[in-house]
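Reader: Hello! I'd like to go through this model with you, one spot at a time. Could you put it up first?

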Amino acid sequence: MTPLTPQDEKACIEFLQELIRIPSFSGQEAAVAARVADEMRRVGFPSVQRDRAGNIIGRIGSGERRLLFNGHMDIVGTGNRAAWTHDPFEAHVENAVLFGRGAVDMKSGLAAMIYGVKSLLARQPSLEGEIIVAAVVQEEPCEGMAMQILMEQEGLWPSHVVLGEPTNLQVALGQRGRVELRVETQGRACHSSSPHLGENALNAAAKVIFGIDLLGTRLAGDPDLGRGSMAVTGITCSANSRNAVPDHCELVIDRRLTLGETQERAVAEVRQIMEREGVKGQVRVAEYETRTYTGHVSRGREYYPPWLMPRDAPLVKQVIKSVARVTGKNPHSIIWPFSSDGTYTRGVAGVPTVGFGPGDPTLAHTVDEHVRLEDVLLAARGYAAIAQEIVGEKLAVGRF
């Protein structure tokens with residue numbers, strides 16, 4: 001017996017289409033959050049709540065063992081909508097493929113989680129723990145922030161976490177971290193007809209950029225996560241006019257961190273460049289302030305640690321076993337090229353965390369983002385099997 005009936009499979013896809021038709025840019029998730037909560041209640045989740053940040057939490061079962069499925073509700077912008085073959089919010093289906101913003105990242109995973117858990121509702125009395133589906137806010141601009149609120153402020157601490165970001169139905173074991181640095185260079189303004197009378201902050205910034213390019217070739221590496229990286233992604237300068245030498249310049253640096261690298265190390269590396277080049281100024285970790293759709297304000301540093309699960313960790317083995325049982329293939333382990341809420345659940349809180357979801361990770365944030373419907377339904381079955389393996393009575397292989 002499959003964990004989803006044909007009626008449930010149809011309802012799951014229709015629900016996914018509804019989610020895609022609701023634009024839910026970061027900070028504007030209210031409508032999609034209400035729809036998610038309604039669907040959780042409709043399919044029978046005994047407990048559905050909204051926390052102070054606007055995360056929607058559906059729960060079944062009880063016990064010290066808590067398996068949390070994580071999926072974010074927010075999406076990135078569409079870019080040039082004329083470049084899309086189909087309107088990004090139409091949820092167009094063609095040849096069993098669903099197109100739309102959020103199809104891969106990650107409304108398909110969220111819909112699959114809800115329906116995967118729905119298939120276990122009848123078995124709720126036999127569960128040996130609790131299953132939680134957390135639909136979270138603002139993962140795109142500040143990943144991990146919503147999970148930090150859920151765990152530290154709401155007190156909901158899971159024992160295991162499965163992230164539904166796209167993996168092509170493989171199992172993700174980790175990711176590089178990131179830190180956003182701000183470098184300010186200081187100069188002395190003067191008329192640009194006599195540049196020798198001043199100190200050009202833009203010239204100083206150029207020296208820092210050159211030093212960053214050199215440093216990027218010498219950064220540490222990890223056998224699994226790969227090498228760290230650095231990229232200057234923004235620059236602003238201020239001057240009295242276009243005929244004046246600028247006395248202030250600011251650089252934005254995206255620093256990707258491999259295992260063993262920290263925000264302190266990243267700052268120290270850039271500071272050494274500035275000292276070597278004789279550049280006046282400072283370097284610091286950027287900070288964010290964000291307001292969720294409920295009005296909750298969060299502040300923090302733009303620092304998101306790397307994380308990696310050992311291949312022999314019990315959670316990794318359990319998820320691989322469950323996915324293989326559903327798909328008939330042993331899944332590969334992968335490393336995500338992007339960041340996720342795992343940067344908090346594993347990187348900060350130390351909770352065993354893996355990723356498993358439908359869709360090709362390389363399609364996230366792209367024009368004509370799309371997902372195969374078959375993969376969405378396989379993911380739903382996979383989530384059910386994972387939950388059954390971790391907090392439920394074990395089912396025979398033949399029943400999947």
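Reader: Where is Leu169 found?
Author: A word on the ground rules first: this is a predicted model, where local features need pLDDT of at least 70, side-chain atom pairs count only at pLDDT 80 or more, and totals for chains, interfaces and linings use all residues. Residues are numbered from 1 along each chain as its sequence is written, and side-chain values use heavy atoms, leaving out hydrogens and water. With helices (H or I, at least four residues) and strands (E, at least two) taken as DSSP runs numbered from the N terminus, Leu169 falls in the loop between strand E7 (160-163) and strand E8 (171-175).

Reader: Does Leu169 count as buried or exposed?
Author: Leu169 is not a glycine, yet its phi is positive, about 65 degrees. Buried means under 20% relative accessible area and exposed over 50%, with partly exposed in between (1.4 Å probe, protein chains only). Because its relative accessibility is 10%, Leu169 counts as buried.

Reader: Which loop holds Gln138?
Author: Gln138 also has a positive phi in a residue other than glycine, near 50 degrees. With a relative accessibility of 2%, Gln138 counts as buried. Its place is the loop between strand E6 (130-136) and H4.

Reader: Which residue is the bridge partner of Leu98 in E21?
Author: Two strands pair if DSSP finds at least two bridges between them, and here three strands form an open antiparallel sheet in the order E4-E5-E21. E4 and strand E21 (370-372) are its edge strands, each pairing on one side only. Strand E5 (residues 97-99) is joined to E21 by three antiparallel bridges. In E21, Leu98 has as its bridge partner Val371.

Reader: Which residue of E16 stands opposite Thr290?
Author: Strand E15 (residues 287-291) has Tyr288 and Thr290 on its covered face, and Glu287, Glu289 and Arg291 on the uncovered one. E15 and E16 run antiparallel, joined by five bridges. The two form a hairpin with five residues between them, and Gly295 in the turn has a positive phi of about 95 degrees. Opposite Thr290 stands Ser298.

Reader: Which residues lie closest to the centre of the largest pocket?
Author: A pocket is an open set of points on a 1 Å grid over the protein atoms alone, where a 1.4 Å probe fits, with protein on both sides within 12 Å along at least five of seven lines; lining residues have an atom within 4 Å of a point. Of its 21 lining residues, the closest to the centre are Gly144, Met145, Gln148, Tyr288 and Tyr344.

Reader: How many charged residues line the second largest pocket?
Author: This pocket has a volume of about 210 Å³, and its lining includes Asp105, Glu139, Arg178, Arg256 and His365. Asp, Glu, Lys and Arg count as charged, Ala, Val, Leu, Ile, Met, Phe, Trp, Tyr, Cys and Pro as nonpolar, and the others, Gly among them, as polar. The lining has three nonpolar and two polar residues, and the number of charged ones is seven.

Methods. Points joined across faces, edges and corners; volume = space filled by probe spheres on them.
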